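Colleague: Hi! Could you walk me through this chain when you have a minute?
Modeller: Happy to. Let me put it up first.

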Amino acid sequence: MSRNRIIRACGFTERGKILLSRLDRADEENFYKIRYNEPLKEWIEEGFALSEPILFVGATGIAVRSIAPFVKDKRMDSPVLVVDEGGQFVIPLLSGHLGGANELAGLLAAKLQAVPVITTATDVNGVFSVDDFARRNGLSLFPKEGIREVSSRLLEEGQIRMRIAPEISYDKNRVPQEIFLVESVNEPVDVEILPDDGKPSGKATLTLTFKPYILGMGCKKDTPFIKLEGFLQEKLQVPVLKVAAIASIDLKKKEEGLLALAAQQHVPFYTYAKEELLTVKGDEAESDFVQAVTGVPNVCEKSALYCAGEDGVLVQKKTAENGMTLAVAKRIPKLKEWT
């Protein structure tokens, strides 16, 4: 499995552009949409509209001034990073946790043999990050102001109170020491975690809701984002806001349209090798053509089920149109990653 991203990348000098080319060649997982002659303002505005990660090679001041007019909501803003022209430092500027800029900074730094410069308080102090936890587990958050309040309490007091609905499974031995678990629904808590149909107690500073659906997709090479978006809107039979991830085969890991769709929907895009997908057993629809091209008889259903994990079930079978396919699997409510 790999997580794949579309990255808008911009260099301002010849040296910066050379570094971008070097990074593009070294990165097998991500698709780089490099700016050439497009007007910078419009290029950034389009990136923010699609919530695509944006990478600047140059001075942080230029990046800050360039993105300032478009920064609105930490839950929707593009992850923004800066790399100096010497390739020494990778700095996540915006959307470090929810957008994954901190994680991406570490990955890019490894490819450049650079130093990731992480400044978010929870990371610097080595304490639990509630918004990063939500992103890693496919949870939505409300209200956004609660993120700051919970993080402040962690930093000031070293502990928060959390209630996890009984429908959601987790390994109690992995719960961080900063979290004190509360069972009673009548007690106030800092964080409550609910299944997708759970009713908020009204006694939590921040409510995290489990998103149960995995969207499996396939498409012909170079299918435009606009076509995939329309296909999704027309054919998807579950609420798109309850989709936790988009999945496909690794042949599609740099498929620009699928990557853009995942960024727009604020979900990760995971791809799997055919050997992984072939382990999925069931009555999935099969196609001789897809088998010949990919080595797998069905991409969308198998990738959705594989990503959903053990006990995942298919809730929307393969739908196909004009070379595009989608299917939906439902995963069981489970917390897997804490840090």
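Predicted model: local features only at pLDDT ≥ 70, side-chain atom pairs only at ≥ 80, totals over all residues.

Colleague: How many helices and strands does the chain have?
Modeller: The chain has twelve helices and 17 strands. Its radius of gyration is 21 Å, close to the 20 Å from the globule rule for 339 residues, so the chain is as compact as a globular protein of that length. Along the principal axes, the C-alpha atoms fill a box of roughly 55 × 55 × 30 Å.

Colleague: And what share of the residues count as buried?
Modeller: Of the 339 residues, 51% count as buried. The accessible surface comes to about 16,200 Å², and carbon and sulfur atoms hold 50% of that.

Colleague: What about contacts between residues 24 or more positions apart?
Modeller: They account for 65% of the contacts with a separation of 6 or more.

Colleague: On to the inside, then. Which residues have the most contacts in the largest nonpolar core?
Modeller: That core has 25 residues, and those with the most contacts inside it are Leu215, Met217, Leu228, Leu236, Ile246 and Leu261. The elements giving two or more residues to it are strands S13 (213-219), S14 (243-249) and S17 (324-330), plus helices H8 (225-235) and H9 (256-264). H9 gives the most to this core, with six residues.

Colleague: What does Leu215 touch?
Modeller: Beyond residues up to four places away in sequence, Leu215 touches Leu232, Leu236, Val243, Ala245, Ile246, Ala247, Ala304, Leu326, Ala327 and Val328. There is also a second, separate core of 23 residues, which includes Leu141, Ile160, Val191 and Ile193.

Colleague: Let's switch to helices. Which residues of H3 are buried?
Modeller: In H3, Ala63, Ser66 and Ile67 are buried. They cover an arc of only 85° around the axis, which puts them on the same side of H3.

Colleague: Nice. And what covers the buried residues of H3?
Modeller: The cover includes H2, strand S4 (54-57), S5 and strand S6 (89-94).

Colleague: How many residues of H6 are buried?
Modeller: Seven of its eight residues are buried, so H6 is mostly covered. The buried ones are Val130, Asp131, Asp132, Phe133, Ala134, Arg135 and Asn137. They pack against elements including strand S1 (2-4), helix H4 (101-112), strand S8 (139-142) and helix H7 (145-157). Just after H6, Gly138 takes a positive phi of about 70°.

Colleague: Now the rings. How many aromatic pairs are there?
Modeller: The count comes to seven aromatic pairs. In one of them, Phe48 and Phe70 are tilted, at 6.0 Å centre to centre with 35° between the planes. Phe48 is in helix H2 (residues 40-50), while Phe70 is in the loop between helix H3 (60-67) and strand S5 (80-83), 22 residues apart. Phe48 and Phe70 are both buried.

Colleague: And why is the pair of Phe128 and Trp338 called tilted?
Modeller: Their ring planes are at 45°, so the pair is tilted, and the ring centres are 6.4 Å apart. This pair links distant parts of the chain, 210 residues apart: Phe128 is in the loop between helices H5 (121-125) and H6 (130-137), and Trp338 is in the segment after S17. Phe128 is buried, and Trp338 is too.

Colleague: Which residues form a cluster with them?
Modeller: Phe128, Phe133, Tyr170 and Trp338 form one aromatic cluster.

Colleague: Last topic, single residues. Where does Phe180 lie?
Modeller: Phe180 lies in strand S10 (residues 179-181). Phe180 is partly exposed, at 41% relative accessible area. Leaving aside neighbours within four places in sequence, Phe180 is in contact with Gln159, Ile160, Arg161 and Met162.

Colleague: And where is Ser201?
Modeller: Ser201 sits in the loop between S11 and S12. With a relative accessibility of 29%, Ser201 counts as partly exposed. Its contacts beyond four places in sequence are Arg163, Val185 and Glu192. Ser201 and Asn186 are 15 residues apart in sequence, with their C-alpha atoms 7.9 Å apart in space.

Key: Residues numbered from 1 in each chain as written. Heavy atoms only, no water. Core = buried A, V, L, I, M, F, W, Y, C linked by side-chain atoms within 4.5 Å. Buried < 20%, exposed > 50% of the residue type's maximum accessible area, 1.4 Å probe, protein only. Helix = DSSP H or I, 4+ residues; strand = E, 2+ residues; numbered from the N terminus. Contact = heavy atoms within 4.5 Å. Phe/Tyr/Trp six-rings, centres within 6.5 Å; stacked < 30°, edge-to-face > 60°. Rg over C-alpha atoms; globule rule 2.2 N^0.38 Å. Areas by Shrake-Rupley, 256 points an atom, 1.4 Å probe, with all protein chains shown as cover. Arc of directions from axis to C-beta.
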